[in-house]
Amino acid sequence: MTNFKLIPDRSPEIILSALRKKAPEFFTSDEYLRLARLDPKFKENPGLICAAFTKLLCAKLERQEDADKYFEIIEEWASSKDSEVENYLVTEVFENVRLPKLGEARFKSELGPISRQIYERWMEDPPEDRMSSRSGK
């Protein structure tokens, strides 16, 4: 019989800690506050937080505002080696990038080495089960 060791999900701690440390203004942004207005529990949901973060980041990029620290946060999340955080990076950050003026190539060029590697693995050469969902098949 195999013994399994349950490991607590640390993703909320990793995600929120990086935001508090490097971008405390995120917590007063319209994107974050909108979560609280919808349901106070949403403010603690790591997936929704990452999606709000992505929306804020894209808005800053479209307005040509400095976003270096936001890419540092993405790199910190990627460097955590936490599978749940990586999942949020792919599904709530990378897949939600919307940059009509700049394009996703600009976004990718700003990523650090570890986050770029994750981006390339999942977004440029996705596994077959993701290919059909991205192309609308």
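Student: How are α1 and α5 oriented to each other: parallel, antiparallel, perpendicular or oblique?
Tutor: In this predicted model, the axes of α1 (residues 11–22) and α5 (residues 83–93) come within 8 Å and cross at roughly 60°. Roughly perpendicular would need 65 to 115 degrees, and roughly parallel under 35. The two helices are therefore oblique.

Student: Into which classes do the residues of the contact of α1 with α5 divide?
Tutor: From α1 come Ser11, Ile14 and Ile15, and they meet Glu84, Val85 and Tyr88 of α5. Tyr counts as nonpolar here. The division is 4 nonpolar, 1 polar and 1 charged.

Student: Where do the buried residues of α2 lie around the axis?
Tutor: Glu31, Tyr32 and Leu35 are the buried residues of α2 (residues 30–38). Their arc around the axis is only 105°, so they sit on the same side of α2. What covers them includes α3 (46–62). In short, the place is one and the same side of α2.

Student: Is leucine 102 buried, partly exposed or exposed?
Tutor: Leucine 102 belongs to the loop between α5 and α6 (104–110). Buried would require under 20% relative accessible area. With 24%, leucine 102 is partly exposed.

Student: Which residues is leucine 102 in contact with, leaving aside its neighbours within four places in sequence?
Tutor: Glutamate 62 is 40 residues apart from leucine 102 along the chain, yet their C-alpha atoms are separated by 6.8 Å. The contacts are Leu61, Glu62 and Gln64.

Terms used: Residues numbered from 1 in each chain as written. Predicted model: local features only at pLDDT ≥ 70, side-chain atom pairs only at ≥ 80, totals over all residues. Heavy atoms only, no water. Axes fitted to C-alpha atoms, helices over the stretch in contact; angles between N-to-C directions. Helix = DSSP H or I, 4+ residues; strand = E, 2+ residues; numbered from the N terminus. Parallel < 35°, antiparallel > 145°, perpendicular 65-115°, else oblique. Contact = heavy atoms within 4.5 Å. Buried < 20%, exposed > 50% of the residue type's maximum accessible area, 1.4 Å probe, protein only. Arc of directions from axis to C-beta.
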